[in-house]
Structures are given as C-alpha cells and as structure tokens.
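Subject: Structure for you to look at

Hello,

Here is the structure you will be working with. Please open it beside this email and follow along.

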Amino acid sequence: MNDEGVEALHKILRRARIEAGLTQAALAAQVGCTQSAISMMEAGRQEVLSKESLVKLAKIVGVELPESAVGGGGTSARGGDGMAVCPNFNCPSNMPYMVGDEVYFMPQGTSGSGRHCALCGELLTRKCPRCGAEILTAGGCCSSCGGAIVELPSGYTAGERAWVDSRITAIERIRFRHG
Ligand SMILES: [Zn+2]
Ligand SMILES: [Zn+2]
C-alpha cells in the first residue's frame with residue numbers, strides 16, 4: 001500500500017500516535033477535539049481538523065508537518081480568514097434545523113469585513129465558542145471539536161419543532177425580501 005515511497009500525512013500521523021502510545025481518545029483530549037475527528041483525520045479526511053488542531057496534534061506526536069499541510073490558503077474562500085458567524089441564535093443569519101429532538105443552527109456566515117452582524121448588530125465571532133478553533137467551513141458544527149457553533153440558550157428546551165418551523169418561515173421571508 002506504499003504507492004511511491006511517499007507516505008500520506010494521515011498515515012504518518014496515525015503511526016506516530018501509535019508509537020507515542022496514545023489512543024485516539026487520549027490524543028483527542030490533548031488536542032481538544034473529538035475522538036471521531038481524530039478517527040476521520042486518520043482515515044484521510046484531514047479537513048475535519050482545523051489548521052490549529054492539526055499543528056497541535058502533530059506537535060504532540062512529534063511529527064513535523066510539511067508546509068503544504070499548514071501553509072495558508074486553500075481551505076477558505078474568504079481570503080483565509082475563515083467565516084464570521086453571528087453568535088445570536090435569534091438572528092435571521094442563523095437558520096435553525098432539527099436533528100431528532102435537538103435544535104441546531106446553520107450559520108449563514110458573513111463575508112463582510114465589518115465586526116458586527118449586518119442583520120442584528122451582534123458582534124461577529126470567527127472562533128468556535130467551545131474549542132476556539134477558527135470557523136473555516138460553512139455548517140452548524142465546528143470542524144475541529146464537533147460542537148455546535150450557535151446554540152440555543154438554556155431555558156429553551158430541545159424539541160421545539162413549532163418554534164423552529166416558525167423561525168424558518170420568518171427567516172425565509174426576510175431573506176426573500178432583502179434578496
Ligand atoms: Zn446577527
Ligand atoms: Zn470547536
């Protein structure tokens with residue numbers, strides 16, 4: 001399985017982890033991501049980890065990353081700055097959706113250079129509130145730790161399907177009107 005003598009990075013990292021005597025879970029705890037993120041990375045899906053996490057991981061297992069793995073660009077269509085996300089769950093830029101009884105939010109992400117949300121005025125965030133990794137990809141969950149980027153505040157119970165449905169309707173109406 002060793003194609004041209006060049007071993008894929010994820011295989012090197014996997015072997016280094018094993019040689020370091022670390023389980024995926026133990027490594028995940030040190031990096032500050034989920035075990036499934038490690039598992040996916042080792043299966044060749046490096047993009048599940050943020051650059052910061054990958055650098056951290058490599059340092060822990062003693063692997064020097066090639067420039068191509070940490071060099072700038074490539075992962076973001078927004079100039080390498082990641083996405084700016086409005087942390088306000090009640091903002092029209094965050095479309096709620098349900099997975100089972102859990103409410104999640106799909107942040108629209110703003111490409112603007114402003115520091116505040118154009119829709120609700122909230123200060124935008126570019127980091128995951130849980131692990132601090134840069135938000136690089138569109139989606140409701142952090143690509144580094146798997147945690148939700150925007151969450152319902154406590155007091156709102158999960159499973160509020162009617163609320164979610166009404167929010168979706170209202171947000172779609174707003175988005176239609178403003179193009
Ligand atoms: Zn907002
Ligand atoms: Zn995170």
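What follows is a summary of what was found, from the whole chain down to single residues.

**Overall**

This is a predicted model. The chain has six helices and two strands, which come in the order α-α-α-α-α-β-β-α along the sequence. Of its 179 residues, 26% are buried. Taking the contacts between residues at least 6 apart in sequence, 58% join residues at least 24 apart.

The mean pLDDT of the chain is 81, and 84% of the residues reach 70 or more. Confidence is highest in helix α2, at a mean of 94, and lowest in helix α5 (residues 67-70), at 69. Over residues 72-79 the pLDDT stays under 50, and for this stretch the model has nine contacts beyond four places in sequence. Where pLDDT is low, the predicted coordinates should not be read in detail.

Start with α1 (9-19). Its buried residues are Leu 13, Arg 14 and Arg 17. Viewed down the axis of α1, they fall within an arc of 100 degrees, so they line one face of the helix. They pack against α2, α3 and α4. Just after α1 comes Gly 21, with a positive phi of about 75 degrees.

Helix α2 covers residues 24-31, and Leu 27, Ala 28 and Val 31 are buried in it. Their arc, seen down the axis of α2, is within 105 degrees, so these residues also line one face of their helix. The buried residues of α2 pack against α1, α3 (35-42) and α4 (51-61). Gly 32 follows α2 and has a positive phi, near 90 degrees.

In α3 the buried residues are Ala 37, Ile 38 and Met 41. They fall within an arc of 100 degrees about the axis of α3, so they line one face of that helix. The cover over them includes α1 and α2. After α3 comes Gly 44, whose phi is positive, near 105 degrees.

**The core**

Which residues touch the most other members of the largest nonpolar core? They are Cys 33, Ala 37, Leu 49, Leu 57 and Val 85, out of 29 residues in that core. The elements that give two or more residues to the core are α2, α3 and α4. Domain 1 (9-70) and domain 2 (75-179) both contribute residues, so the core lies between them.

Setting aside neighbours within four places in sequence, Leu 57 is in contact with Leu 13, Leu 27, Val 31 and Leu 49. Leu 13 is one of the buried residues of α1, while Leu 27 and Val 31 are among those of α2.

**The hairpin**

The two strands, β1 and β2, form a hairpin with two residues between them. Gly 100, in the turn, has a positive phi of about 65 degrees. β1 (residues 94-99) and β2 run antiparallel and are joined by six bridges.

Which residues of β2 are on its covered face, and which on its uncovered one? β2 (residues 102-107) has Val 103, Phe 105 and Pro 107 on the covered face. Glu 102, Tyr 104 and Met 106 are on the uncovered face. In a regular strand the side chains alternate between the two faces of the sheet.

**Tyr 104**

Leaving out residues up to four places away in sequence, Tyr 104 touches Tyr 97, Val 99, Gly 140 and Ala 148. Tyr 104 and Cys 141 are 37 residues apart in sequence, and their C-alpha atoms are 8.4 Å apart in space.

Regards

Methods: Residues numbered from 1 in each chain as written. Chains lettered and ligands numbered in written order. Predicted model: local features only at pLDDT ≥ 70, side-chain atom pairs only at ≥ 80, totals over all residues. Buried ≥ 20, exposed ≤ 12 C-beta atoms within 10 Å, placed from the backbone. Helix = DSSP H or I, 4+ residues; strand = E, 2+ residues; numbered from the N terminus. Pairing = 2+ DSSP bridges. Arc of directions from axis to C-beta. Contact = placed C-beta atoms within 7 Å. Core = buried A, V, L, I, M, F, W, Y, C linked by C-beta atoms within 7 Å. Domains from an automatic or database assignment. pLDDT = per-residue confidence, 0-100.
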